[in-house]
Amino acid sequence: MPVISALAQAGEKMAVVEVIGPGKGPVAVENLLKLCRKYQVPTTGVYAWQNHLIAYGKAGGIKAVQKNLAAIYAGNEVKLYPAPFYKFDRQYCQDKIPAKQWDNIILTANLVSSPKKQQEYLAYHATQFQKWPEVAQGFCNASFQQLLVFRQGRQLMLVISIPKGANLDELNPKTSLNNPRVDDWNALMKQYQEGLLGTKPGETWVFLKPVAAKQPVVLEK
């Protein structure tokens, strides 16, 4: 099974394609896995949550996969997230050298329906590194390798890359340790986000689970 190169992932344009089933049950995954193999998208980038099935990888391969999905998944909604509107990487850290192997964690949520609030959310992210530098510093402190946020309509896709074998539950509190501005940012962002259809009351971001055997992301030399 192929692995995603951390170096390529850091330097290449990445994208997400999503298949949303008409019901609440899971979407059949095998056809998507076959397409990923055909277009050299690592199957380790295929994730699922309820009736949502996604593939994450280099933009060229993802777009090739997306072009074939409508016919294969007739009756399902297909969405392309062609590029992230927000990207954090190690260039914002004092230690700019990335880990040699990464694990990717992928989450999804919705923006609230208000177009005004949607634009406010995007504007905050466009100026975050300048006006809220403590947030990026928190990501550095937590050893995040990369953080990408994609948007299609109201739906958001968040990809957090961490060192292979690390635990996000252990790393995430380091973002706000002695860094209360991160708590302020998170509290501010809550007014712009809500859960997808099918989430529990009070639940906003949900984790998509990898469907293939998990492989590390390897840094090429």
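A: A residue counts as buried when its relative accessible area is under 20%, as exposed over 50%, and as partly exposed in between. The structure discussed here is a predicted model.

Q: Is phenylalanine 139 buried or exposed by that rule?
A: Phenylalanine 139 has a relative accessibility of 12% and is therefore counted as buried. Phenylalanine 88 is also buried, since its relative accessible area is 0%.

Q: How many aromatic pairs are there?
A: Two aromatic rings form a pair if their centres lie within 6.5 Å, and planes over 60 degrees apart make the pair edge-to-face. The count for this structure is 11 aromatic pairs. One of them joins tyrosine 56 to phenylalanine 150, edge-to-face, with 6.5 Å from centre to centre and 75° between the planes. Tyrosine 56 belongs to strand E3 and phenylalanine 150 to strand E7 (residues 146-152), so this pair ties together parts of the chain that are 94 residues apart in sequence. Both tyrosine 56 and phenylalanine 150 are buried.

Q: Why is the pair of phenylalanine 88 and phenylalanine 139 edge-to-face?
A: The ring planes of phenylalanine 88 and phenylalanine 139 stand at 70°, with the centres 5.2 Å apart, so the pair is edge-to-face. This pair too links distant parts of the chain, for phenylalanine 88 is in strand E5 (residues 86-89) and phenylalanine 139 is in helix H6 (residues 133-141), 51 residues apart.

Q: Which residues do ring pairs link into a cluster?
A: The cluster is made of Phe85, Tyr121, Tyr124, Trp132, Trp185 and Tyr192. Tryptophan 132 also has a charge over its ring: the charged end of arginine 181 lies 3.8 Å from the ring centre.

Q: At what angle do helix H4 and helix H8 pack?
A: An angle over 145 degrees counts as roughly antiparallel. Helix H4 (residues 115-126) and helix H8 (residues 180-190) pack at about 155°, and their axes are 11 Å apart. H4 and H8 are therefore roughly antiparallel to each other. At the contact, Tyr121, Tyr124 and His125 of H4 meet Trp185, Leu188 and Met189 of H8. The residues of this contact comprise five nonpolar, one polar and no charged.

Q: Where is threonine 199 found?
A: Threonine 199 is in the loop between strand E9 (193-194) and strand E10 (206-210). Threonine 199 and alanine 109 are 90 residues apart in sequence, and their C-alpha atoms are 9.4 Å apart. Neighbours within four places in sequence aside, threonine 199 is in contact with Trp49, Thr204 and Val206.

Note on methods. Residues numbered from 1 in each chain as written. Predicted model: local features only at pLDDT ≥ 70, side-chain atom pairs only at ≥ 80, totals over all residues. Heavy atoms only, no water. Axes fitted to C-alpha atoms, helices over the stretch in contact; angles between N-to-C directions. Helix = DSSP H or I, 4+ residues; strand = E, 2+ residues; numbered from the N terminus. Parallel < 35°, antiparallel > 145°, perpendicular 65-115°, else oblique. Contact = heavy atoms within 4.5 Å. Nonpolar A, V, L, I, M, F, W, Y, C, P; charged D, E, K, R; others polar. Phe/Tyr/Trp six-rings, centres within 6.5 Å; stacked < 30°, edge-to-face > 60°. Buried < 20%, exposed > 50% of the residue type's maximum accessible area, 1.4 Å probe, protein only. Lys NZ or Arg CZ within 6 Å of the ring centre and 35° of its normal.
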